[in-house]
Amino acid sequence: MEFFTDNILLIFILSLLAAIIAFTGHFKKFSVSRNTIIFSSITANIVGLIFSAALFVMFFLQNTEPFEMSIDWFRIGSLNLSVGILADNISSVFLLILMLVSIIVQWYSAYYMKDENDEGLYFGHLNLLNTAMTALILSPNLPQTFIFFGLVGICSYLTVNFRYEKTKVSNAAKNVLIINRIGDMLFLAGLVILIYFVLSYPIAEGSELLTYSNLSETAADFYVYLSDGSFYLACMLLFCGTIVKSAQFPLHVWLIESTEAPAPVNALINSATMVAAGVLLAIRLLPMFELSTYVTQSILYIGLITAFLSAFFAIGQTNINKMLAYSTSSQIGLIIAVIGALAPSSALYYLTSHSFAKVALFLIAGIIFKYVTDKTSDMSEMGGLRAKYPILAYCYLISICSLSGIFFCGFIAKETVFESLLTLNDIPAIILFCSVLFMSGYCLFRSYFVIFEGELKQQEKKQIPSSLYSVVIVCTLALIAVTFLNKNLFTFSNNPSDFYILNTNNITIGLSSLLISVIAVIVACGNVAHKMPSLPDVLRPFSLNSGYIPNIYGWVVDNIFDVFRNFVRVIDKYVLNGIANFQGYLARFVSWLISVSQNGNIQAYLAYAVATVGLILIIYLLIVVGIGEV
């Protein structure tokens, strides 16, 4: 097993090599074939999956100690800033999710994107995103995490902006990039506070700079030496990285904008890359967050409020991709809430169950968009598809049953979340969770009844490639397999590195969450059967327009940001440029003065020298004696 830890960089190298091959095939036409690009991409992920599975076995079955390898980057006083890798139980889970989802997405993309002209560019962006995400997962310290955090955001922008010639896609990609950069800057601000502390207090000398292996000890020093307000500020600034990457309120709008990307990209972003990156950061920083009750309470309610609002906004959506994106934001909100409840193991399990369900849903939505409805994502244009596409219907049904907490791993995940919140004895949190559970089930099953049941609106049955059916079936089987896998291997405790066998003996909790979900299904079925609107007329515009949050952001940009931008433009034009121009004019004047004085007359040079010395003496005497004194 040491082979897999000693050669773990191979995962990163192969993904990067696959990206280089894909870019070569795009920019150097006919030098690399399409089959070579696809083969290299899938092979890199298969090797990564083998390594990830081996690491998972090592850390969960054999209880192997974490493997860390680092080299010094540069030294600040007695502190080292290192770069390297950290392989432990947390990173093994995220790597396993990433590699499994990436194989499914790239296999799907090989058939779904075959008609695209820039297929090499597409696979290059996908592999570059996988490379950045792999490096992020294996990062051993906060500074390295920040670097790859930003790189994951940039790569996501590139994948979303694949069809950049479309104005709507280009604008959506810009929103993804800008909002993620806002989160990265807030994350950097928190990191600067911690670095300042490490450099200023002698108790931190000699330690590695903000490594995760030493974070518990360093965080205790932070908590002792910093005031409560400073500690809370630093923690929440760092948590802003999670808020943005995991699409949490109020910076969740980028995820909805990203649905303009191709279906495989949506599947990857909503399951194993961007949203997962935020969860990873929150779990890594939990030894620091858990020291302050105010921080954990803030994390808990940010997650629950996001889950509640996103679930409500999802109900009013008519676009299937936007509905699924809001569902992602809601589900990840519950995961963040569980982390705030100090149950990171439950969060890991929930993330695993959510990833495979959401991948299947987005892939099915992509098939319907391209092959069934003539490239429309409006659910009102669909209906009765189960009669002609039963495989899609059953795979969709299995996925939403899991996400709603009725069957499979989703049921266990919802139960563990419920149990974690009950241990807090926080009544508002429990009410919010139950509301989210109902709205999520209602929204997802209503989409199923609208799309696959009822009156058939697509009379002509269109041919769907069998390979795409195969990908969806494999993804659904993987979702079912997670149910049995994690029962025996995942553990749940307040310590991310301490795992126990999952306990699902609390029948009351399980039946309570199941009952809420079943009621949601019944309400959704009745709503569609009676052709009622998804929400009352009073609430539907608010939900459909996402609470008018995008409009608020637009107003802020037009009325505040533009004013600030114009102010900065004036400063730049008239102050900074004025200083630069003055320096240029001064240099030109001095050079002109010197050139005029160079006339070749020795007597003139002597006169200049005498005059200059005399001027210097006069100034000196004025300074020494005093101006105005006799």
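**Salt bridges and buried positions**

With a relative accessibility of 55%, Asp-537 counts as exposed (over 50% relative accessible area; buried is under 20%, partly exposed in between, with a 1.4 Å probe and protein chains only). The model is predicted: local features need pLDDT of at least 70, side-chain atom pairs count only at pLDDT 80 or more, and totals for chains, interfaces and linings use all residues. Residues are numbered from 1 along each chain as its sequence is written, and side-chain values use heavy atoms, with hydrogens and water left out.

Asp-537 pairs with Arg-540 in a salt bridge whose closest N and O atoms are 2.8 Å apart. The term stands for a side-chain nitrogen of Lys or Arg within 4 Å of a carboxyl oxygen of Asp or Glu. Arg-540, at 28% relative accessibility, is partly exposed. Side chains of opposite charge can pair when their charged atoms come close. By this rule the count is 7 salt bridges.

Another of these joins Asp-88 and Arg-284, at 2.7 Å from N to O. Asp-88 sits in the loop between β2 (79–87) and α4 (89–112), while Arg-284 belongs to helix α12, so the pair ties together parts 196 residues apart in sequence. Helices (H or I, at least four residues) and strands (E, at least two) are DSSP runs, numbered from the N terminus. Both Asp-88 and Arg-284 are buried.

The side chains of Lys-245 and Asp-184 also form a salt bridge, at 3.1 Å from N to O. Lys-245 is in helix α9 and Asp-184 in helix α7, so this pair ties together parts that are 61 residues apart in sequence. Lys-245 is buried at 0% relative accessibility, and Asp-184 is buried at 2%. A network of salt bridges links Arg-181, Asp-184 and Lys-245.

Which residues of helix α8 (residues 215–225) are buried? They are Leu-215, Thr-218, Ala-219, Asp-221 and Phe-222. Their arc around the axis is only 155 degrees, which puts them on the same side of α8; the arc is taken from the directions from the helix axis to the C-beta atoms. These buried residues pack against α7 (167–200), α9 (228–245), α12 (274–284) and α13 (286–289).

Ser-353 is part of helix α16 (residues 344–372) and counts as buried at 3% relative accessibility. A polar atom of the Ser-353 side chain lies 2.8 Å from the backbone oxygen of Tyr-350. Apart from neighbours within four places in sequence, Ser-353 is in contact (heavy atoms within 4.5 Å) with Cys-409, Gly-410, Ala-413 and Leu-479.

Note on methods:
Polar contact = N/O pair within 3.5 Å; in protein donor to acceptor, adjacent residues only side chain to side chain.
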